[in-house]
Amino acid sequence: MAYGYITELNDHIQRDHVKFHNRYNLTLAGDLYYPKNIDQQQPLPALIVGAPYGGVKEQGPAVYANELAQRGFVVLTFDQTHMGDSAGEPRRVSSPGLFAESFSAAVDYLGIQVPFVDREKIRVIGICGSGGFSLTAAAVDTRIKAVATASMYDITDIRGMMGLSKDQLDKMKDDLAQQRWEDYANGMPEYKPSFPTKPYPSVDALPKTDPITNEWQRFYAVPRGFHQNARGNFTTTSNQAMLQFSALDYIDEITPRPILFIFGDRAHSRSFSERAYDMANEPKEKYIVEDCEHIDLYDRVDKIPLAKLESFFKQHL
């Protein structure tokens with residue numbers, strides 16, 4: 001297995017390390033997957049796969065790309081700005097606007113620099129937090145012809161996720177405002193990682209936590225999904241940007257381009273997909289995976305509905 005990737009690359013698939021830039025001229029690091037035997041004079045449909053919030057291209061996106069390239073797609077994965085191998089200082093600063101922009105920058109790259117991509121057939125898959133950001137991008141970028149989300153999270157819905165009262169929300173805002181002064185005085189933003197520098201040897205060795213934290217650790221903090229560039233969380237004041245932004249405000253404008261919402265029947269995040277589905281206009285579709293929790297759609301090829309993804313994207317070519 002290539003160092004850092006959580007899945008073995010198929011022998012028939014080529015993976016090229018690439019770089020491209022967004023409209024702010026920040027360089028993003030990506031991986032381009034495609035079948036080795038393709039006729040590069042015959043353009044193929046392309047997919048862009050966004051990582052879970054705080055994740056990197058070597059994790060879930062590599063699993064999707066490796067599998068879907070075998071089904072005849074060119075697939076581009078990438079690290080978000082300020083993350084992984086992409087540019088952006090300070091590190092691990094989160095911005096919903098920049099994160100949505102990355103999907104459009106990926107479309108720019110595929111349509112200009114990859115001659116064997118059909119630029120009229122570019123689609124997007126957003127895993128977890130990238131689900132929300134991919135929908136934000138598609139609402140304004142009509143070059144994205146279809147969107148599928150897997151275990152979608154709307155990271156900008158902090159108020160709903162945390163169930164904050166007005167007093168609690170006011171305190172959070174005040175704490176974040178005070179933290180900005182501390183960050184400025186210190187010359188760097190506060191960052192508190194949630195995952196270890198080295199993986200625990202097994203799930204049984206994980207510390208006891210609440211159910212949702214434990215679920216994250218069962219992927220990110222053990223060999224299953226561990227990567228040194230995915231330590232969890234972003235800089236503390238990144239939450240201020242999320243409080244200023246609403247990822248799904250214009251989801252209804254994606255129509256007539258189709259959206260597929262994929263989620264597990266046992267996913268703690270199910271309500272995000274259900275809500276986004278209700279907000280979206282037709283054409284839209286829900287696909288519920290049985291006996292499936294949130295993180296199963298990161299890497300478990302026996303749970304990720306690859307045949308459904310293939311048929312959905314080929315149906316809407």
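Predicted model: local features only at pLDDT ≥ 70, side-chain atom pairs only at ≥ 80, totals over all residues.
Let's start in the sheet: strands β3 (residues 44–50) and β5 (residues 117–127) lie parallel and are paired through 6 bridges. Two strands count as paired when DSSP finds at least two bridges between them. Residues are numbered from 1 along each chain as its sequence is written, and side-chain values use heavy atoms, leaving out hydrogens and water.

Back to β3. Its G50 stands opposite G126 in β5. β3 also pairs with β4 (residues 74–78), again in parallel, through 4 bridges, and here L47 faces V75 of β4. Together β3, α1 and β4 build a right-handed β-α-β unit; right-handed means that, with the strands pointing away from the viewer, the path from the first strand over the helix to the second runs clockwise. How enclosed is β3? Since 7 of the 7 residues of β3 are buried, the strand is largely enclosed by the rest of the structure. Buried means under 20% relative accessible area, exposed means over 50%, and partly exposed lies in between, using a 1.4 Å probe and protein chains only.

F261 stands opposite K286 in β8. Between these strands the chain passes through helix α8 (residues 270–279), and this β-α-β crossover is right-handed too.

Rings of Phe, Tyr and Trp (its six-membered ring) pair if their centres lie within 6.5 Å; planes under 30 degrees apart are stacked, over 60 edge-to-face, and the rest tilted. The Y53 and F133 pair is tilted because the planes meet at 50 degrees, with the centres 6.2 Å apart. This pair links distant parts of the chain, 80 residues apart: Y53 is in the loop between β3 and α1 (60–69), and F133 is in helix α3 (residues 129–140). Y53 is partly exposed at 24% relative accessible area, whereas F133 is buried at 2%. A second pair, F195 and Y220, is stacked, with 5.0 Å from centre to centre and 15 degrees between the planes. F195 comes from the loop between α5 (166–186) and α6 (211–220), and Y220 from helix α6, 25 residues apart. Both F195 and Y220 are buried. Y53 and F133 also belong to one aromatic cluster with F99 and F234.

Which elements does α10 (306–315) pack against? Its buried residues pack against β3, α1, β5, β6 (144–150), β7 and β8. The buried residues of α10 are L306, K308, L309, E310, F312 and F313. In the loop between α9 (296–299) and α10 you will find K303, a lysine that is buried, with a relative accessible area of 14%. Leaving aside residues up to four places away in sequence, K303 touches V289, E290, D291, C292, D296 and L297, where contact means heavy atoms within 4.5 Å.

Finally, step back to the whole chain, which has 10 helices and 8 strands. Of its 317 residues, 54% count as buried. A compact globule with 317 residues would have a radius of gyration near 20 Å, and the chain's 19 Å agrees; this radius is taken over C-alpha atoms, and the globule rule is 2.2 Å times the number of residues to the power 0.38. Along its principal axes, the C-alpha trace spans about 55 × 45 × 40 Å.

Methods: Helix = DSSP H or I, 4+ residues; strand = E, 2+ residues; numbered from the N terminus.
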